[in-house]
Amino acid sequence: MGTMATIPQSTKDSLEVRLLGLIRKDWPQVRTITVKFRGSFAYITAITKDEQTLPLCRLRYIGYSSEWGFAPYRASHNDYADAYFPDGTPTGTPEDAFNTASSLYLNAEPANQPPTN
């Protein structure tokens with residue numbers, strides 16, 4: 001493993017904007033999100049309409065604003081575990097990561113997504 005990529009400020013800003021747009025469109029039960037950056041990681045937490053705070057996932061910056069590594073939050077262990085996306089790939093978009101983690105923790109599917117089967 002090489003050195004950790006530093007997340008540029010422009011990527012930090014665009015990540016938050018992208019995810020806020022996604023929740024406004026597809027996740028009506030989410031009021032807002034928080035994104036905390038540490039090293040090459042972005043930690044995504046949802047705040048629901050009923051004020052629950054739900055850690056969702058950690059994204060690993062790999063040098064591209066559109067491709068990130070993914071680690072869903074594991075409440076049972078209070079940590080994050082690297083995982084593959086549902087399509088079997090090790091990296092994906094922040095939106096795919098948010099949708100995957102939100103589907104787990106909000107027990108719902110994104111509102112405006114076509115069915116997968």
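In which sense do S2 and strand S3 pair, and over how many bridges? They pair in the antiparallel sense, over seven bridges. To see where that pairing sits, start with the whole chain. Keep in mind that this is a predicted model.

The protein chain holds two helices and six strands. Their order is α-β-β-β-β-β-β-α along the sequence. The radius of gyration is 14 Å, close to the 13 Å that the globule rule gives for 117 residues, so the chain is as compact as a globular protein of that length. The C-alpha trace spans about 40 × 30 × 30 Å along its principal axes.

Next, the cover and the surface. Of the 117 residues, 38% count as buried. The chain exposes about 6,800 Å². Carbon and sulfur atoms supply 52% of that area.

Now turn to strand S2, which runs over residues 41-48. It is mostly covered, with eight of its eight residues buried. Buried here means under 20% relative accessible area. In a regular strand the side chains alternate between the two faces of the sheet. What, then, lies on each side of S2? One side carries Phe41, Tyr43, Thr45 and Ile47. The other carries Ala42, Ile44, Ala46 and Thr48. Residues on both sides are buried, and both faces of S2 are covered.

S2 has strand partners. One is strand S1, residues 30-38, which pairs with S2 in the antiparallel sense over eight bridges. Within this pairing, Phe37 stands opposite Ala42 of S2. S1 and S2 form a hairpin, with two residues between them. Gly39 lies in the turn and has a positive phi of about 60°.

Strand S3, residues 53-64, brings us back to the opening question. S3 pairs with S2 in the antiparallel sense, over seven bridges. Here Tyr43 has Arg58 in S3 as its bridge partner. Tyr43 is also one of the buried residues of S2. S2 and S3 form a hairpin as well, with four residues between the strands. In that hairpin, Glu51 takes a positive phi near 70°.

Key. Residues numbered from 1 in each chain as written. Predicted model: local features only at pLDDT ≥ 70, side-chain atom pairs only at ≥ 80, totals over all residues. Heavy atoms only, no water. Rg over C-alpha atoms; globule rule 2.2 N^0.38 Å. Buried < 20%, exposed > 50% of the residue type's maximum accessible area, 1.4 Å probe, protein only. Areas by Shrake-Rupley, 256 points an atom, 1.4 Å probe, with all protein chains shown as cover. Pairing = 2+ DSSP bridges.
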